[in-house]
Every structure is written in structure tokens, then in C-alpha cells.
Amino acid sequence: MAATVKTVLYIRLPCWKIYPGGVVYVADHIHKLRPGIDQHLIDLAIVPAGERSRTIAAALERLKPDVVAFSWRNMQSFGPHPEDDALDVVMNFEYAPSPWKRLKSAFGALKIIYDYTSGRLKNFGYMKLVRRMLPDSRIVVGGTAVTIFGKYVAEKCPNDTVVVIGEGEDAMLSVVDGFERPAGELYYKDSDGKVTHRPRTEVFDLARLTAVDFPYIETIFPRLAEYFDTDIGVHTKRGCPYQCHFCLYNKIEGHNQRYRDPVEVAKEVEMLSQRYGVKRIWFTDAQFCSTRKSTEHVEQILDEMLARQVKVSWSGYIRLNHMTPVIAQKMLASGMSSLDLSFTGSQEVIDKLTLGYSLTQQMDAFRMFKASGHTDQKIKLYMPLNAPGETAATLQMTIDRVNEVYDIFGRDHVLPFIFFIGVQPGTPVEALLIKSGYLKAGYNPLTFNPFIIKRLLYNPKPLGGLIGRAYLKALAALDPTSEYIGRATMDLIAQELAKSGRPIVVAPPAEPKKVPCPEISA
Ligand code: B12
Ligand code: SF4
């Protein structure tokens, strides 16, 4: 590779169309520090499948980049929910009463697995294409998928590839500076194919992430405008100190929360709104609002947005641990369109999953939100149904609490998301399921074996069947213009539980157990 990097080509690998925020932050950072470098960005999510190789080859031919940097978002994306067709396929495959439907869904499942398999192989193929056409270039691969499966990617990618784990700004800077003093966490596969690992030794100061220079990004990514009518991802911080049993976000971003300057965040949102007419923002943090300190940071961002009178609607993952009426009012006044949060109606399940909050406090916070001026904002309850520890009694408690949330906000405004735990590598839930014999020790989380893939979507017997049948019945009877699948499913689960004479326990919520979580112990 040339000692001085003159040209970088970023290639965002295919996924469902979603704004490529991660690679935009990386390219913006490089431009601010090394403005002489010529950068370009191709987003394969918006290039038709049949044209992708040709598009890459043409760009390599034209630009002859010294560095080709891939961004890989999703690799193992099994977490289907009602807005993802895969949930229907899985449910029909297991629980459809008609054998024809089961057979049809088996084909659907094969198609999903084929897309999954071929998508991954094609991505490595794009890297090999670069190596064939430009043998002296350096290849870099980063992104959330790579962060989770970095070692695997390092084994499969071409020689002389840098595989960046986690945030990429400083690692990429070290690459464009010649890679003599690498930075960040990475695997490096050298020109002989030997893989070495470098742990992160430095902390990247997020205050250095000033508002994205979108006029510059437009010049390197001419199709940027195709995202302006979608949710644009804006990052406000990195890290999560919680340890929820099924979650990897704290590993992807680290446990320590680090913050961007609220003024820069607000400037970024303002520019998106005023210059480009963007109407919807998704704050892409692991949690937009969670710890006491992050709640204060959120308040500062909202103050800045309100002072600038930015007209956007926004969402993000939110916990209610430190919510106050003042913050709730500011959230609503600044354009919050939905409250997106994990929900289960049993303190026992909350504690088993070490979610680190009190159900009573969460329910009180809902009431406070309503009293603070909630009108038509959606309340999206992400419900890890049938997680380890779930029983008919805890399921009944969730139904009761969901009904209470309907009473607070109005049924039409509440969207219970039926989703199941997708077992992810290195999480406590994975360890638990290996210990219990549900998964074999040493199983391959990236397997193409449909039976293991199905097991990774955790919805075991006996409640799995009850939930599955209720979901399918709700789907068959649904008029989507007047009802939401999650609400209809919860109603049917309630009927089934009542019919089967399972214990209907309407117990007051138990007090939360102390969990090793900074919020509860603080
Ligand atoms: C916010 C979010 C969403 C939002 C996105 C909103 C929006 N408009 O942007 C919503 C809720 C819509 C969403 C949906 C989904 N998501 Co999501 N999402 C996230 C989350 C929390 C943050 C992603 C993000 O934008 N981060 C902020 C940006 C700035 O960071 P970044 O992209 O990671 O980029 C940094 C590094 O990765 C790196 N980097 C990135 N590219 C490059 C390139 C180079 C060259 C280098 C050097 C570095 C580099 O540097 C960047 C800056 O430091 C992650 C989990 C997490 N904590 O990361 C999951 C995550 C990415 N999502 C995931 C999944 C599975 C999905 C869904 C498929 C779920 C589903 N079944 O529907 C959908 C599909 C989305 C799609 N279209 O593909 C998975 C992917 C897992 C995997 N192993 O494949 C993740 C990792 C969560 C998980 N389960 O662990 N998601
Ligand atoms: S609070 Fe959210 S991001 Fe953090 S570990 Fe729990 S589920 Fe993951």
C-alpha cells in the first residue's frame, strides 16, 4: 500500500435501507483531520443486487483508491418482530395448524437462510474483488457486525486487511496515516495471512465528534439525499453500563458512557432539519436516556434543540429510571414521537434478565409521562416474551400491566412488540442456555444450520406454542387498519391462559431485587 494515502473508497455493505450513520461519522472525522484526502462513499443498500459487483468494479477502476474501507452492519440479524416478515415465517413453520402453511413457511425459511448465507458470502466476495483488482490497496472492514464477529471476519477476509472492532474514527485515522502506529481495537491479517489482535489502549474522546459536515458528505456520497425522508441516525453518546442478560450493546460500545457535546448534537439535528428538510431523527445510542448522568445530558440536548426551535420528530431507546416531569415535558415539546422501551410486567422476569429497574417505578413514570402532556405519541413496548424464567403467571402479569398501560395512554397509542430473545454470542443468556443444555457448548453462532438458527430465536415449550398460536390467530383475523398485531396477540394470549385454567395471579408487583447495576446500587 502507498505510504501516503490519497484516496479512500468507503463501501457500505448491503442491508435493508437504513441511513449509514456509522461510516458517515468515520468519513467526516477523517475529513476534518486530514482534509487533503479524497474520499468517496458507495452505499450498496441502495444499489440493486444485480449491479453491486459492477458498481464496485467501476469505482475501483475510476478512483484507484489506496484504501477500500467496508462498513458491515448486520451479519446475524435474527430478532424478528411484527414488522419483520421472518416472524410470520418462524411462527407458521412451528405452529400453523395447516400442513400446507407449514410447508409454505419451510420454503420461506429456506429463502431467508439462503439470503442470509449468500449475503455473507457475497460480502467476502466484494473484498476479494478489491484484492484482485487492486492488489496493493489496503482493505479495512468495520461496523457493528464486525464488532461482534471480528475474529471470524479476520479469518475469511483477504490478506492485508484491517478488521476494526467497535468505534472506528481513531482506527481509520491510523490507517490513513500509514498504519505504522495502529489505534483502536483491531485484528490485522497481514500479507502472509497471519492474524494478530490489538486490544484498544486509548479512549476516543467523543467531544471530538463535532456536528457532521453534511455539505462535505454530500460531495463524497451523492445519494445521501435518498435518506432524507427516512429516520436519520444521530449519535449522542457511546456505551451502556447495564448488563441486561440478552444484550450485546454494552459490549459493542463498552460499559462506560462517553458523551458528545450537546451543542454539536443540536447543531447536527438543526442542519439536517433546516438545510435538508429532514423530519425524523433516531438517536442511535444503545440507550438515549438511561443513567442519571445520561438523563442530564439528554436534557441539555433537548434544551439546545428547543432554543434553536428545531422542527423534527425524534425517537430512541429510553429507560425511565431517572425521568422527571420536567424532562418528560421537554421530550414532548422537542418532538418525541414515540417512547421505545423494554417491557415485561413481572419484576421477577425483570430481575432474572437483570434489566436493572423497578416495575413500580416504570409504571409511575408512565403515569407521570401522561400527566406531563402526552397526546398521541406512541408507546412501543419491546416485550421479551417467553424469556428464561417466564411462566404462565408472569405472562399473565405482563398482560395485566399492558392493560394498565392501555388505560393510561389509550389503547390505540400503545404498541406491544411481540419479540423473542435472539440468543447472541457472549451474552449471559447464551451462557445460561448452554448450561441448561438448550444449546450445545461450542455451537457456531454463525451457523447456516436452520435447526440451530431456529433455536437461537428463543421461544421454548410450553408457552412457545401458546404464544405462537395466538400470534397466528391474530394475524389471520387482523384488519391492520383498525388493530395492531401485538395488541391482538396479547388479547388472545390472555384468552388462552384463561381457558387453560392457568393460574391468574394478580399480585402487586414485587420489589426489585438488587442487581449489579449502577442505577440500582447508586
Ligand atoms: C440504533 C439501532 C437501530 C435503529 C436504527 C435507526 C436509524 N435510523 O439509524 C433501528 C431500531 C431502526 C434498528 C433496526 C434494526 N437493527 Co439495529 N441497532 C441499532 C444500534 C443500537 C446502534 C447502531 C448505530 O447506528 N450506531 C451508531 C453509529 C454511529 O455507530 P456504528 O454504526 O456502529 O458505527 C461505528 C462503528 O461500528 C464503526 N464503523 C462502522 N462502519 C465502519 C466502517 C469502517 C471502515 C470503520 C473503520 C469503522 C466503521 O465506526 C462507527 C463510528 O464509531 C445497534 C447496536 C449498537 N449498540 O451498536 C443495533 C444493531 C446494529 N441492530 C441490529 C439488528 C439485527 C437490527 C435489525 C435487523 C433488527 C430487526 N430484526 O429488525 C433492524 C434492521 C435495520 C436495517 N435496516 O438493517 C444488530 C446487528 C447484529 C448483527 N450481529 O448482525 C445490532 C448490532 C444490535 C444487536 N442485536 O446486537 N437498529
Ligand atoms: S440498558 Fe439497553 S443497551 Fe444497556 S444492556 Fe440493557 S438492553 Fe442493552
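How far does a polar side-chain atom of S71 lie from a nitrogen atom of ligand 1? The separation is 2.7 Å. The model is predicted; local features need pLDDT of at least 70, side-chain atom pairs count only at pLDDT 80 or more, and totals for chains, interfaces and linings use all residues. Residues are numbered from 1 along each chain as its sequence is written, chains are lettered from A and ligands numbered from 1 in the order in which they are written, and side-chain values use heavy atoms, with hydrogens and water left out.

Ligand 1 has 39 residues around it. A residue counts as near a molecule or strand if one of its heavy atoms lies within 4 Å of it. S71, N74, M75, E169 and E253 come nearest. A polar backbone atom of G143 lies 3.4 Å from a nitrogen atom of ligand 1. In the side chain of R238, an N or O atom is 3.3 Å from an oxygen atom of the ligand. Six elements are listed as giving two or more residues to this shell: α1 (21-33), β3 (67-71), β4 (138-142), α5 (144-148), β8 (231-234) and α9 (249-253). Helices (H or I, at least four residues) and strands (E, at least two) are DSSP runs, numbered from the N terminus. By residue class, the shell around ligand 1 holds 16 nonpolar, 16 polar and seven charged residues. Here Ala, Val, Leu, Ile, Met, Phe, Trp, Tyr, Cys and Pro count as nonpolar, Asp, Glu, Lys and Arg as charged, and the others, Gly among them, as polar.

Ligand 2 has its own surroundings. C240, Y242, C244, C247, Y249, N250, A286, Q287 and R319 surround it. Six residues of that shell are nonpolar, two are polar and one is charged.

Helix α7 spans residues 169-176 and is mostly covered. Eight of its eight residues are buried, where buried means under 20% relative accessible area, exposed over 50%, and partly exposed in between (1.4 Å probe, protein chains only). The buried residues are E169, D170, A171, M172, L173, S174, V175 and V176. G178 follows α7 and has a positive phi, near 110°.

The whole structure contains 32 salt bridges. A salt bridge is a side-chain nitrogen of Lys or Arg within 4 Å of a carboxyl oxygen of Asp or Glu. One of them pairs R200 with D170, with the closest N and O atoms 2.9 Å apart. R200 lies in the loop between β7 (195-198) and α8 (214-220) and D170 in helix α7, so the bridge ties together parts that are 30 residues apart in sequence. R200 is partly exposed, at 26% relative accessible area. D170 is buried, at 10%.

R223 and E226 form another salt bridge, with their closest N and O atoms 2.6 Å apart. Both partners are partly exposed: R223 has 34% relative accessibility, and E226 has 31%. R367 and D364 also meet through their side chains, at 3.3 Å from N to O. These two are three residues apart in helix α14 (residues 359-371), so about one helical turn separates them. An α-helix has 3.6 residues a turn, so residues three or four places apart point the same way. R367 is partly exposed at 38%, as is D364 at 41%. Elsewhere, salt bridges that share partners join E167, E169, R238 and R258 into one network.

On the surface, W100, L103, F107 and L110 form a nonpolar patch with about 490 Å² of accessible area together. Patches are made of residues with over 30% relative accessible area and no salt bridge; like charges are joined within 9 Å, and nonpolar side chains (Val, Leu, Ile, Met, Phe, Trp, Tyr) within 5 Å. Areas come from the Shrake-Rupley method with a 1.4 Å probe, and for residues only the protein chains shown count as cover. L103 lies in helix α4 (residues 99-133) and is partly exposed at 45%.

Note on methods. Polar contact = N/O pair within 3.5 Å; in protein donor to acceptor, adjacent residues only side chain to side chain.
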